[in-house]
Amino acid sequence: MTGPDPDQNPGPDEARSEKDTPPDSSAEREHDPYGTDDVQRLRSVLEHDVRRFNSSGSSGSVYFDEQVRAESLVGRDQFIINLNDSAATRPSWRRFSDRETAELDAVFVPPSGAAEAQRQLRRQRVLVVYGPGRTGKHFYARALAAAVTSTGGECRLLAPGTDPDALSSDDIARDCAYVIAAGTTYVPSAFHLSRISRLLAERHAHLVIVVDASFQVFEELREWMVEQKVTGDRREMLLRHLQLRLSTRQLAKEPRRAEDLVALPELADWLASEPSPAEIAHAARALVQGLDDGRSVADCLAQVGARAADDARALLGRTEASWELATAIAFFGGLAYSTVLGLEDSLADLTHEAAGHDKPRSRSFLTVTRSQRLDLVLASTVSSVVATPYGSSPAETVDFIGAGLADALIDVLWKEYDTPALLLRWLSGLARHPVEAVRRRAAVSLGRLSLLDFTQIAEGVLQEWALSPDPRDRWAAALAVSVAVRDPVVAPHAMGLVESWGTGGNRYRRMTAALAWGVGISPLQPVVGLRGLRRLLRTNDPGLYSAVQAGLVTTFTGGLEPLVLDAIGTWLPDTTDDARDNLLAVFLRLCLVRGAKGRPDANSWPTVLWMFDRSLGHGDSRDTSRTASARRTHDDITDLWRAALDARATRPTALRVLTTWIRWADERGEFREALLDLLDFLAEGETAVRRLEHHIGRLAQDRKRPSHTAGEAWRELSALLEK
């Protein structure tokens with residue numbers, strides 16, 4: 001899928017000006033490269049791309065299915081928020097679920113001094129866990145917090161970027177235990193720790209702060225700190241992870257399955273290499289999944305970081321192997337072989353040019369076979385199906401044999417060779433590649449590299465993309481940010497960069513900020529992301545409307561449907577006419593999204609209509625919080641529909657969407673009753689009834705294609721008018 005022609009947008013000289021914004025004509029009307037259906041698909045493929053670069057288990061010793069969510073998320077679909085941004089942003093957090101707490105208890109192997117650390121935390125209310133990397137201090141901190149959580153309280157993980165010194169009593173809930181991964185820049189002081197301790201004591205709460213061992217420890221801080229120097233018993237840790245992840249059925253057949261696996265010579269040798277707790281957790285997952293799929297223990301362990309890094313160094317040290325091909329597979333593995341071959345060729349051209357050669361690069365095609373070249377870089381091809389502009393097409397896709405090799409090879413290339421400048425030039429140039437999958441993967445790859453050097457990626461690539469008149473570049477910047485904000489250390493810097501785009505005077509940067517808030521930040525911190533979109537909407541710049549639309553649609557399709565509808569309903573009264581029409585247009589665009597979660601017929605139900613149907617009482621009525629949330633969702637949907645039908649600018653679109661829903665209901669009758677219920681609520685007032693009766697009557701009496709659903713609604717509306 002290709003984006004709009006960049007020649008139809010303002011020129012680059014105008015785009016580079018911070019004071020002069022480009023003319024309204026094309027910027028206001030540009031079509032982003034992702035429509036509503038494309039955004040829904042983008043969600044799933046983007047997660048697949050990100051997981052490709054997260055294979056080493058670096059996300060923690062226990063795998064959490066959900067990322068950090070905002071404090072305003074209560075349960076699954078009840079939101080208590082201030083979407084008008086009238087209050088200061090408070091720290092975000094996510095509660096450890098009962099399942100996650102059970103995992104912590106099941107796999108935690110207490111290091112020496114754990115009991116004393118727990119007593120110290122109970123006594124002082126705050127504890128700093130510090131130490132070098134690969135020792136499991138983050139997992140240790142979570143386990144300590146879970147152990148001291150009071151009855152009736154919660155264990156909570158604070159969002160990346162939270163400053164421990166800035167916490168106030170309003171940020172701390174009673175009887176809760178908090179964990180902060182403070183990153184490498186935080187330097188604790190005894191004064192601030194004493195202040196936090198008093199706040200925690202007032203709330204009967206606890207706080208564990210994780211800091212890096214790079215700062216100097218003063219004597220006055222030792223009473224507040226616990227040092228995590230070495231990892232606990234690795235064999236016992238792996239055994240517990242295996243016991244947790246093996247299914248009950250597997251253990252019933254082989255009660256000693258986990259013990260037998262740990263006793264294997266291959267695993268004993270691997271444990272002797274001193275893997276980190278995160279790598280041990282990842283190894284357990286790889287073993288349980290891989291052995292069931294028929295893979296060997298060696299293949300499963302090859303997915304884990306330490307082993308993969310050695311393989312990457314050996315691969316790059318082979319003079320007969322093409323490092324350009326290995327690099328192309330590392331970043332773009334899983335795509336069609338022909339596509340990856342073209343990307344290898346472009347990287348080889350850049351390498352040839354950077355080496356200062358004047359003559360064109362020679363190309364040899366018949367010296368070695370394809371299988372020989374791939375064997376040298378530990379890769380292979382498989383028959384698969386790839387998406388093309390013309391539909392799904394059979395193709396040979398290429399990837400490494402070991403799943404962890406791609407991530408390891410990228411780290412080795414960036415850290416141990418002088419290739420960063422060349423890689424940035426190559427990847428940044430692929431943002432306008434004709435293949436959408438290549439553009440998307442290039443953006444995700446740069447986001448992955450930003451975890452290694454955010455400043456270089458931001459200044460060298462992201463700032464240029466944010467200033468670009470081509471929407472493909474701006475989407476690439478947003479996708480790169482969506483990877484950067486997943487890292488606790490990099491996230492504050494990434495969000496600061498997006499904030500600078502949104503507050504600057506350049507329209508293209510503000511467009512990029514809108515996409516970044518919606519695509520990158522809202523899935524992890526939805527209230528923060530929506531507040532960013534709200535601030536952009538308040539600029540009353542029509543040129544930003546399409547970008548804000550894309551951000552809201554992306555957030556909606558990311559599983560935050562009630563929150564987005566609540567946001568639109570909250571913002572609507574406090575906007576100008578143009579912004580109001582734009583918000584209603586966003587709502588109508590959302591009404592065409594199908595695929596409601598939790599329904600067996602998810603592909604046929606419009607998500608908004610399914611939410612309305614559930615709001616009428618089809619959920620669990622005994623759940624009072626869900627009932628309150630359902631009432632709010634019901635009011636949001638009916639109020640927005642009425643506003644869209646009343647507004648002259650959006651009425652034609654609203655009637656077209658209504659027609660689409662009716663035709664869908666004719667084809668699939670599952671949601672016909674829900675649609676008729678909605679029409680009953682919209683038929684409020686004589687004007688609204690007459691408008692609906694006229695429009696729906698035309699569908700019911702259509703000579704070529706009379707609508708059964710419209711016929712039922714028309715009879716009810718006609719009866720109302722007769723009264």
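**Ground rules.** I am reading a predicted model, where local features need pLDDT of at least 70, side-chain atom pairs count only at pLDDT 80 or more, and totals for chains, interfaces and linings use all residues. Residues are numbered from 1 along each chain as its sequence is written, and side-chain values use heavy atoms, with hydrogens and water left out.

**Whole chain.** I looked up the secondary structure and found 34 helices and 10 strands; helices (H or I, at least four residues) and strands (E, at least two) are DSSP runs, numbered from the N terminus. Of the 723 residues, 54% count as buried, meaning under 20% relative accessible area, with exposed over 50% and partly exposed in between (1.4 Å probe, protein chains only). I also checked contacts (heavy atoms within 4.5 Å). Among those between residues at least 6 apart in sequence, 72% join residues at least 24 apart.

**Helix α26.** How many of the 13 residues of α26 are buried? I found 13 of the 13, so the helix is largely enclosed by the rest of the structure. Helix α26 covers residues 545–557 and reaches 18 Å from its first C-alpha to its last, close to the 18 Å expected (1.5 Å times one less than its number of residues). Just after α26, I noted Gly 559 with a positive phi of about 95°.

**Aromatic rings.** I paired rings of Phe, Tyr and Trp (its six-membered ring) if their centres lie within 6.5 Å, calling planes under 30 degrees apart stacked, over 60 edge-to-face and the rest tilted. By this rule I count eight aromatic pairs. Phe 108 and Phe 139 have ring centres 5.8 Å apart and planes at 85°, so this pair is edge-to-face. Phe 108 lies in the loop between α4 (98–107) and α5 (114–124), while Phe 139 is in helix α6 (residues 137–148), 31 residues apart. Both Phe 108 and Phe 139 are buried. Phe 332 and Trp 426 are also edge-to-face, 5.6 Å centre to centre with 80° between the planes. This pair links helix α15 (residues 323–332) to helix α19 (residues 420–428), across 94 residues. I noted one cluster too: Phe 108, Phe 139 and Tyr 140.
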